Amino acid sequence: MSPVLDPALPAPYRWIASERASDVEMTQAIADPVFAPVGRAWWIAVLVSLPFVLWFIGSIGWLFYKGIGIWGINSTVVWGVAIANYVWWIGIGNAGTLISSMLLLTRQQWRGSINRFAEAMTLFAVAIAGIMPIIHVGRPIYAYWLAPYPNTMALWPQWRSALVWDFWAIISYLLFSIMFWYVSLIPDLATMRDRTRTRAGQVLYGAFALGWRGSARHWNRLKTLHITMAALGVPLVCSVHSIVGLDFAASLMPGWQESIFPPYFVVGAMYCGFAMVIILALAIRWGLNLQAIITANHFEVMSRILLMASIVMGYSYATEWFMAWYGGQHSDRSVVVFEFTGTYAPLFWALLFCNVVLPQALWFPAVRRSLPALFVICVAINIGMWLERILIIWNTLSHDYMPSVWRSFHFTFWDWSFLIAPLGLFAFLFLLFVRLVPAVSMFDMRELSHKEGAA
Amino acid sequence: MTGTLIAEFQNPDMLCAALRQVKEGGHHALDAFTPYPIEGLDAELDIPPSRIRYAMLAGGLIVAAFAFALQWYSAAIDYPVNSGGRPLNSWQVFLLVPFEVGVFAAALCGVIAFLRSCGLPRLHHPLFEIPGFERATQDHFFLLVAAKQTGGAIRDLRDVLEAAGAAVVTELRQP
Amino acid sequence: MSPVNELPIKGSQFFERSSGALDRRQALSLLATGIATGLAACSKPTEQIIPYVYMPERVVPGQALKFATTLPLSGFGRGVIVTSIDGRPIKVEGNPRHPCSLGATDVFAEAAVLSLYDPDRSRTPLKSGEIASHEAFRLAMQPQLRQMHASSRKGFRRLTRRVTSPTLLRQIDDLLQQFPKAAWHAYEPVDEDSAQAGAVLAYGRPLQAVPRLERATIVVTLDADPLGQGPDQLRNARGFAARRTPHAQGFSRIYSIEAAPTLTGAKADHRIALHPILMGEAAIAIANSMGAGLRQATLPDNVMHFVRQAAADLLANRGAGLVLSGHALSPEASALVHWINARLQAPVDLIEPSDRTAGGREAGTLSHLTRDLQSGTVDQLLVIGANPGYDAPADLEFARHSAQASFRLHVGCYVDETAALSTWHVPQTHELEAWSDLRSCDGTASIVQPLIRPLYSTRTEHEILALLTGRGDASSYDLVQETWRPKAGAGFEDWWTRTLHDGIIAGSTSAAATPGQPALPVVGAAAPESSAMTVLLRPDPSLWDGTFANNAWLQECPKPLTKQVWGNALALNPQSARRLGLTAGDVVTIDADGRRIETTVAVEPGVADGVASLTLGLGRRNAGAIGNGIGANAYAIRTMASPWMIPDVIITKTGRCDEILTTQNVVRTAEDVRELYPLRELSNLGKPKTPPADSLPSLLPERPLPDDGHAWAMVIDASVCIGCNACVVACQAENNIPVVGPEEVARGRDMHWLRVDVYDHGSAAQPKPGFQPVPCMHCEHAPCEPVCPVAASVHDGEGLNVQVYNRCVGTRFCEANCPYKVRRFNFFGYADGEEYANLGFESYRAQKNPEVTVRARGVMEKCTYCVQRISGARRAAERDDRPIGVDEVKTACQSACPTSAITFGDLHQTDSAVNRQKADERHYALLGHLGTRPRTTYLADVRNPAPGFNEDGT
Amino acid sequence: MQIFRPGANTIATLLLASLGAIPVLAIGLIYQIAGSAYITDQNVTRNQLVPFSHEHHVGGLGLDCRYCHTSVEKARFAGLPPTETCMTCHSQIWTNAQMLAPVRVSLAENKPIRWRRVNELPGYVYFDHSIHIAKGVGCSTCHGPIHEMKLTRQAEPLTMQWCLGCHRDPAKSIRPREAVFDPGWNPPDDQENSGRKLLAAYQIHTDNLTDCSICHR
């Protein structure tokens, strides 16, 4: 079908690539794909992702049945893919809310086109991230012991453990993100309620819209709440990933015990999160014909952020190496040498290429404007960031203080399963999302379109 | 008895113009219903500033304090164990959880306060019966006004609104 | 099928079997069931409590009883004390009264309890492989006995291993009187034959050398390994340790000349690798330096340089210098060593060998037996306890020739390779179930008393012999008493009880013989140089001669120097490997004139050039579920003529590769060694040392430790640790540590709570390994504790870093954050339903220590300082309102240690041994700079090199 | 256009509220169940092959606990009497009572009597009777009024919480050693300080009593 707003190039406005975008057009452009009959592309996507979902469920089942020995972990490298996945997914999860709230606080007009699905991405990513620590433990049935609850053992969690901090960080963050996402969704749900033709749709959207009427008072309260939550969201996100960083930094292992970890984990999270947002933006833009709403300028600015982040990452890596050398500890230095030359050296070089070298291409406007190039870079960054996380674990654990028990990790089929299958689950959830709620915030876009004078 | 009218406009500027005239005419502008927030409208309608933030602050602080107290009580009083030679009340590290939980609690209180201050959930509302009101969430702009306490005020008000370019003006009958 | 029916845990048929004499030992608390189900834990169905019908005397349910007995190794006894709970022997410890145990144990003694419960043990007689009854066997024996009596035929042969049991020897005498034409042969795979032949050359009669290392200041070993595994290891190790602590008088110096690395070589102050055929030359060189005036020894210059230095040192210490010769030396060479020692008035006693009958009868050799078999003059072949079908030298072709005998009886604990060759097999009783007696290397006799009624209907050697001599009714108990009653004289009963209690027979130690001056042997010409490879055979440090092949603890016990488990490998030094174009892991064929075996190559510095060393005891075919098909069978290339050294072998690559399974790495990188294994030289001890960085700044304030109560700590003296692994297996037995199996080891998983790290502070050419046992450090600032989200890893009031298994959820953060990597994780249910091979069988449950939880899958575990022992001692003390005595608590590793390298005790008791050790100037904390404040600390290894001498001849 | 009936407002509000309420209630409920007899088996009586009555033997005949539970002062296990112990009397009296048939059979066939465990602790809990007896913890403190039980039941919940109750403050449960085996003993009014005196007298060190390693290994 041809888009409601046909993209006009060169774009007459900065953030809307269409001659004009009246409220009704804007609304149709975003809301109607949800009501439109399901397209073939969507079905194919679902059929592709569904097997992965089943694979993931099956893998978890087998894991619970056999025990975590099915992974490539060993007496020395006791952590592996599950933890890396956790850090990677929570990283992606951090980006959505972080981006959305930071842009909101900084009054970035273009925020409207991406915040909705960026926040959705957060929800799904954090949910998947939350699974990882649970399946990672040896006795998952007792994972709930991390929570303080009245029990006949009269026991409590051990609050000094970074894992307990994680527990609270994930829970708080997930619930926070759900509320943050939902609150800004209410007006759009009302729109859906009022546009849908089916009774079921009216009841469902109606129920979740809570009877929103768009009254001036509603808007006033909503804006107050939203901006305040954003103000809380930024420190929350930073703290969440800082705590993830503390999982390592609060230890005394060479290569982990580094004060730079928390900030550098936050940047890393934003980095791969933004990369993921761009990938999803490309998909949605293409899949829902939103070329007019997600414009080249959007990708332009996001690429710049990526570029900045990649430089910060490079700086962080360099700092690590420098501190190891400067600190003069034999073990620290030896870990760094191992990174560059040891068992996992090829992966390490690959990570440097993906996270630091390749993104430098974004210095060139041509690259920033070439969507395929952008896509490739973003995929590379996500791979690079996963490598970074797994290597933080492997390098230190494989090469710590006790040379007598240095061992390396050997990938098993099940490691691959837990690495790949969740991606399918993520895609699946996202596909459901775009079919159920407007993927872009309609009221924000209406506002924007009026500001831009396109309405 | 006073009459309340609701007028439907094509675009926000008309609505704002109408609102101004209504107030000049001494009528009461009760509320406006728009598909997106319109700058300054709440000022025109002199909606009191929201107190949501106080609720959030209070909720956040209380829960954070509770979280810290729980840690302190469980680790130092109820079942003290020596964990790696750390002090029983390692308050420095006990600050992390309260922060996380506090932020979450603040947000939660915010949402609750928001719902209360907007009177939501309100799935059933008389306004939904107004024909065409469903466009208030899409592309049309509604103004809810009450006539002043003098005879014939209703007609006068209706004129004002239509003059201001209202497409439809409906009178709400009081329940 | 599970052997549960035979298991004493199941009460009923157990009591049906009760018979007078043994009641005390039979006492089998059926409460054990309660415990056993308790171990399995979790499940809700109501437990049963099954009391006795008649309460056996002395048994208190759940309380440990200790009994002294004796365990054989290569026929020699080592006195032990076995702990038995509810009638189940669960732990072996040394017997301090016994001169060849001195309170310590070796890996084989520790592992004996596991073999006892091995479900693969033979349980019923077999007639050519078919299950038969003892009655059937008795009937089948009748005609044979008649034939044996009919003196017309001469074909009755009996093959045993080395026999030192006075009772058995007495029975053999009787037997041979009854059957004049019968003959007795003995075969011991790990023999002393060349040494004895040497004694014959030197003194005209076989004599057994008993070195007294505690009196030796200079020790020179010619391919000998007194500290290595063996029947005399414990005594030697103690003697060694006595002269290796700086405080001791006359710190000893050890020169080791050897063909392949040994534990003695590892502890030596000077070591040099020498081709085994040149060992004799070294002996000549030493002898000449003492004026033997033999022909010039042909040795490489650096070796000559080394030998001169050693000889000079020996001469300078006349009366305290000692030379020891190994298996591989020629009789002449060992004779020469006797001569040298005589010249030096060396601290070595010569005693009459104890494997002779009172009638002076001596066993014939295996080669005679096979010759007779070949010539078809043997009708009945009785193999008792031996397993020639597996361990006979290949050139004898025992398997083929044994078929010549029409009646072939095998008595053994397993249906092994020999059983497969026999017409009849009778299950033999395990040492821990049997009455018997044994002599140890120094001749001391002690009683073997059963700890439990035989689990299966088995027979002891004594009973079998009694059957032959027509005394089928006599029990071993009677037979053993018969032997000793005359010697004890009046008051036998008291004597007997005392002897059983003490675990040695007073005054039975053989007096040193005074054989006069040894003759100087005639030495032949030097062996010609040969470029071909020589394979050197060694008993396996974990499996010995293969007897223990089906013992999972021993299969998974890392070999001291290579850390290899579950197999053996052909060790070459880097140069030889390069020359042959081999790399570690290559599978090769060894071709020793026509006899071939396949094995895997391991590259090990320290092996002499042109030599490849391989251990015996693996490649079993009929060992059982654990031992079958593990490793290569070196017996298949062994020859009677030269049992320890196989010259001129051809080693060819097969092109295949195989992984050598190891549990850890030998650390050779200089910085790591320097940081983790400080080495001191005796000469520069006493110099002030830099105090270790104790505490580091922390965000958190100090948490004062309670100064009352106890503060447990351990000190390990690297100077006397010989890396023998006794502690490792002792820990495994005491703490119910599961075996993970080869596949899991290959995945980098292991379960030993205590590992012995090897640090090589030498060079590739001159490896100088040092041993560092690493249990949990019980850090006061334990990094593992704050990271545990559920407080499963916490400190207790006495300074123990405890791991609460039932609280652990398995995040593994503790191990990730442990700088010492001493925690072990149950990736699978190694003890909990996913056991390796047959280790899940019910019978093994009886070995489990009821005082220690069996850990579930997904749970982290680690060294607890044997908290169950501490707790036991505490409760015992508090029951009678007294404090725990000084050094009253001994951990399993500590009590096993032959050199007392491990000290454990209470820091708050000022006069505790551990406090003394901590005051030593060599004291250091491993990775102390991390501020973990370990409670387990070390004393630095001390070496005593000769001033101004260095092996390289520079 | 009105989608919902007026009542929907109330329903919606209730649903929202329950989002918060339900988890809290659920946890409370689970805690209640976990502590209840359904899980702990408190006061559960198990049918035994021989309906042995402590009420009769202890309450009535006044047998001392140690007559049957011989190792209670020496070992972790109190010990159950061997059949011979029962027969010391029952070879004379009630020699052919039906209910004692299993005992006679046991002796005759030399097969132990199988009792069902009443007080059952998990395998990872290492409870030691002897030390508790030695330090003045009476039988009835944990086993309740055994002398009034026709059939033996588990008197206390035996949860960790319950154990800790005493290990945190032993004073309130310690009694004079001579009263340890008195099933009818009741704490005096001044138990608090008499208990404290006994703590001192019996040298009970309370500081480590809640260490994990005291009960778990």
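Predicted model: local features only at pLDDT ≥ 70, side-chain atom pairs only at ≥ 80, totals over all residues.
**Entry 1, cavities.** I searched the whole structure and found 18 cavities of 30 Å³ or more. I noted a volume of about 950 Å³ for the largest cavity.

I looked up its lining and found 50 residues, with C:Pro72, C:Gly385, C:Gln428, C:Glu431 and C:Thr547 nearest the centre. I then checked which elements of chain C supply at least two residues each to this lining; among them are strand E2 (64-73), helix H4 (107-116), strand E16 (407-412) and helix H17 (461-468). By class, I have 20 nonpolar, 20 polar and ten charged residues in the lining of the largest cavity.

The lining has 15 residues, and A:Tyr264, A:Glu320, A:Glu339, A:Phe348 and A:Ile392 are the closest to the centre. Helices H9 (296-327), H10 (330-341), H11 (345-357) and H13 (371-398) of chain A each give two or more residues to this lining. H13(A) has the largest share, with five residues. I sorted the lining of the second largest cavity into nine nonpolar, three polar and three charged residues.

I looked at helix H5 (residues 96-118) of chain B, which has 23 residues. From first C-alpha to last, H5(B) reaches 33 Å, close to the 33 Å expected at 1.5 Å a residue. I found B:Gly119 following H5(B), with a positive phi near 65°.

Definitions and conventions:
Residues numbered from 1 in each chain as written. Chains lettered and ligands numbered in written order. Heavy atoms only, no water. Helix = DSSP H or I, 4+ residues; strand = E, 2+ residues; numbered from the N terminus. Expected span 1.5 Å × (residues − 1). 1 Å grid on protein atoms, 1.4 Å probe; cavity = no way out; pocket = protein on both sides within 12 Å on 5 of 7 lines; lining within 4 Å. Points joined across faces, edges and corners; volume = space filled by probe spheres on them. Nonpolar A, V, L, I, M, F, W, Y, C, P; charged D, E, K, R; others polar.
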